[in-house]
Amino acid sequence: MRNQTHSRVRLEIDTQQLMRLMQKRQLVASDFRCCDSKSRCVLKQLLLECSARTISQSGK
């Protein structure tokens, strides 16, 4: 098996799973990039939702 330090994997993930990982700070947007514009739009919306939840939770 060759060295995989800089290998890339293309995958799909359910938006709810992605949101859960981002809310738990197990995955951040800088860890990945979107392969198409539709995915980029969905990610932007998820980031806004995640940020809004974080802000509302910190205000409690």
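**A close look at Met-19 and its surroundings**

Tutor: Happy to! Let's begin with the contacts of Met-19: setting aside neighbours within four places in sequence, this residue is in contact with Leu-46, Glu-49, Cys-50 and Arg-53. Please keep in mind that the model is predicted. Met-19 is found in helix H1, and its relative accessibility is 3%, so Met-19 counts as buried, the cut-off being under 20%.

Met-19 and Cys-50 are 31 residues apart along the chain, with their C-alpha atoms separated by 6.9 Å. For Cys-50 and Lys-38, which are 12 residues apart along the chain, the C-alpha separation is 18 Å.

H1 covers residues 15–23 and H2 covers residues 37–58; their axes come within 10 Å and cross at roughly 45°. H1 and H2 are therefore oblique to each other, and H1 passes H2 in a right-handed crossing. On the H1 side, the residues that meet H2 are Thr-15, Leu-18, Met-19, Met-22 and Gln-23. Their counterparts in H2 are Val-42, Leu-43, Leu-46, Leu-47, Glu-49, Cys-50 and Arg-53. By type, the residues of this contact divide into eight nonpolar, two polar and two charged.

Several of these residues return in the largest nonpolar core, which has seven residues in all: Leu-18, Met-19, Met-22, Cys-34, Leu-43, Leu-46 and Cys-50. H1 and H2 each supply at least two residues of this core. As general background, nonpolar side chains in soluble globular proteins tend to be buried together.

Finally, let's visit the loop between H1 and H2, where Arg-25 is found. Arg-25 has a relative accessibility of 64%, so it counts as exposed, whereas Met-19 counts as buried. The backbone of Arg-25 deserves a look too: its phi is positive, at about 60°, although Arg-25 is not a glycine. For context, most residues other than glycine have a negative phi.

Terms used
Residues are numbered from 1 along each chain as its sequence is written. This is a predicted model: local features need pLDDT of at least 70, side-chain atom pairs count only at pLDDT 80 or more; totals for chains, interfaces and linings use all residues. Side-chain values use heavy atoms; hydrogens and water are left out. Axes are lines fitted to C-alpha atoms, for helices over the stretch in contact, and angles run from 0 to 180 degrees between N-to-C directions. Helices (H or I, at least four residues) and strands (E, at least two) are DSSP runs, numbered from the N terminus. Angles under 35 degrees count as roughly parallel, over 145 as roughly antiparallel, 65 to 115 as roughly perpendicular and the rest as oblique. A crossing is left-handed if the near helix is turned anticlockwise from the far one by less than a right angle, and right-handed if clockwise. Contact means heavy atoms within 4.5 Å. Ala, Val, Leu, Ile, Met, Phe, Trp, Tyr, Cys and Pro count as nonpolar, Asp, Glu, Lys and Arg as charged, and the others, Gly among them, as polar. A nonpolar core is a set of buried Ala, Val, Leu, Ile, Met, Phe, Trp, Tyr and Cys residues joined through side-chain atoms within 4.5 Å. Buried means under 20% relative accessible area, exposed over 50%, partly exposed in between (1.4 Å probe, protein chains only).
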